[in-house]
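Please read them against the sequence and the model together.

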Amino acid sequence: MQDLINQYLAEIELFFTQNAEELEQFRIKFLSKKGLIPALFEDFKNVPPEQRRAVGQALNDLKNKAQEKFNLIKEQIETGAVEVKSDIDLSLPVDFLQPGSRHPLSIIRNEMVQIFSRIGFVVAEGPEIEDDWHNFTALNFQQDHPARDMQDTFFIEKNPDIVLRTHTSSVQIRAMELRKPPIREIFPGRVFRNEAISARAHCIFHQVEGLYIDHDVSFADLKQTLYYFAHEMFGEGTRVRFRPSYFPFTEPSAEMDISCFVCGGKGCPICKYSGWVEILGCGMVDPNVLENCGINSEEYTGFAFGMGIERIAILKYKIQDIRLFFENDVRFLKQFTGVV
Ligand code: PHE
């Protein structure tokens, strides 16, 4: 009988309602003539004499608790009052929830995606763990080409090589293998290089790659697209310049600088007093790369570009140290509260 008493007691203590109908159910269940508590009293005569005292007390206690609970809830329902525990001080200030903020890299990535989507680029993604074909070979890196060393690679397996992708250009290859031109896509994502971590370099960073393949795509299209991007990202007055460069997968290749948006080109610490800051690599997709992906290079041409999200964020927000992006220090992150 003691077990049943304990079980009912627990149920009674947990019981709460604001509804008269449910309260009546409670009364019928425990307190009415045919209820569970009177039934226990009925059974009381079977309790061995030496236990009577203890069980009798527990039983009375149970009955009182049920009655008190019933009276209390009845009164609450009738008066519309809700029980307020006396240890809650309603005059204390509220414990404010701290609103979070977007990570600066997410802010910049989203901005890039929006800028390019306005001129018809759609987003696609690829794996971070890549085979040699997608990260190097299909991109026209010869087996012993020194350019493979330009990107210090993390190898997961050797022979056949499986790597952490060193750039998002691997997703170009996947896009061209899977889809037919016209292709107008951007590929944001995380990339990995085996570099010593310092204020200026990290072994993990992010890139946004762009690819446009169609009939008659020219270097003029490339320049105009990136000029538009620079204006949208850094402001109307921004000038751009292209310097010849080399990438195995583009021919011709270039690097694009923008006029320093801090000093306007006069010279300052951000542009190292040159008036220009480098922001991306680009070029016309090498015909070998198109052919590697089953695209007829006589029929189609295209351009590609790639840039580091950290680099753009560092420039835009004048961040001194790339490691801050990965340290999760709230003093850094909360400066971006409210930026969307
Ligand atoms: N993949 C190159 C890099 O990581 C950038 C790039 C992309 C250059 C596309 C040209 C065209 O440095």
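1. In this predicted model, strand β6, which spans residues 204-214, pairs with strand β10, residues 301-308, in the antiparallel sense, and eight bridges join the two. Along this pairing, Leu211 has Ala304 of β10 as its bridge partner, while Gln207 is partnered by Gly308 of β10.

2. Strand β6 also pairs with β5 (residues 183-192), again in the antiparallel sense, here over ten bridges. Within this pairing Phe192 has Ile204 of β6 as its bridge partner, and Phe187 stands opposite Glu209 in β6.

3. How much of β6 is buried? Ten of its eleven residues are, so the strand is largely enclosed by the rest of the structure. Strand β5 is mostly covered as well, with eight of its ten residues buried.

4. Strand β5 is joined to β1 by two bridges, and these two strands run parallel; Val122, for its part, has Glu185 of β5 as bridge partner.

5. Taken as a whole, the sheet is open and has seven strands in the order β1-β5-β6-β10-β9-β8-β7, with mixed pairing. Because β1 (122-123) and β7 (240-247) stand at the edges and each has a single partner strand, one side of each is left without a neighbour in the sheet. Helix α9 (residues 219-234) packs on the sheet, where it touches β7, β8 (250-259), β9 (276-285) and β10, and its direction makes about 150° with that of β9. Helix α11 (residues 309-317) likewise packs on the sheet, touching β6, β9 and β10, and the angle between its direction and that of β9 is about 150°.

6. Which residues touch the most other members of the largest nonpolar core? Among the 42 residues of that core, they are Met112, Ile279 and Phe305. At least two residues of this core come from each of α5 (104-117), β6, α9, β8, β9, β10, α11 and α12 (330-333).

7. The surroundings of Phe305 can be listed residue by residue: once its neighbours within four places in sequence are set aside, Phe305 is in contact with Phe116, Ile186, Val208, Glu209, Gly210, Leu226, Leu280, Gly281 and Cys282.

Key. Residues are numbered from 1 along each chain as its sequence is written. This is a predicted model: local features need pLDDT of at least 70, side-chain atom pairs count only at pLDDT 80 or more; totals for chains, interfaces and linings use all residues. Side-chain values use heavy atoms; hydrogens and water are left out. Two strands pair if DSSP finds at least two bridges between them. Helices (H or I, at least four residues) and strands (E, at least two) are DSSP runs, numbered from the N terminus. Contact means heavy atoms within 4.5 Å. Axes are lines fitted to C-alpha atoms, for helices over the stretch in contact, and angles run from 0 to 180 degrees between N-to-C directions. A nonpolar core is a set of buried Ala, Val, Leu, Ile, Met, Phe, Trp, Tyr and Cys residues joined through side-chain atoms within 4.5 Å. Buried means under 20% relative accessible area, exposed over 50%, partly exposed in between (1.4 Å probe, protein chains only).
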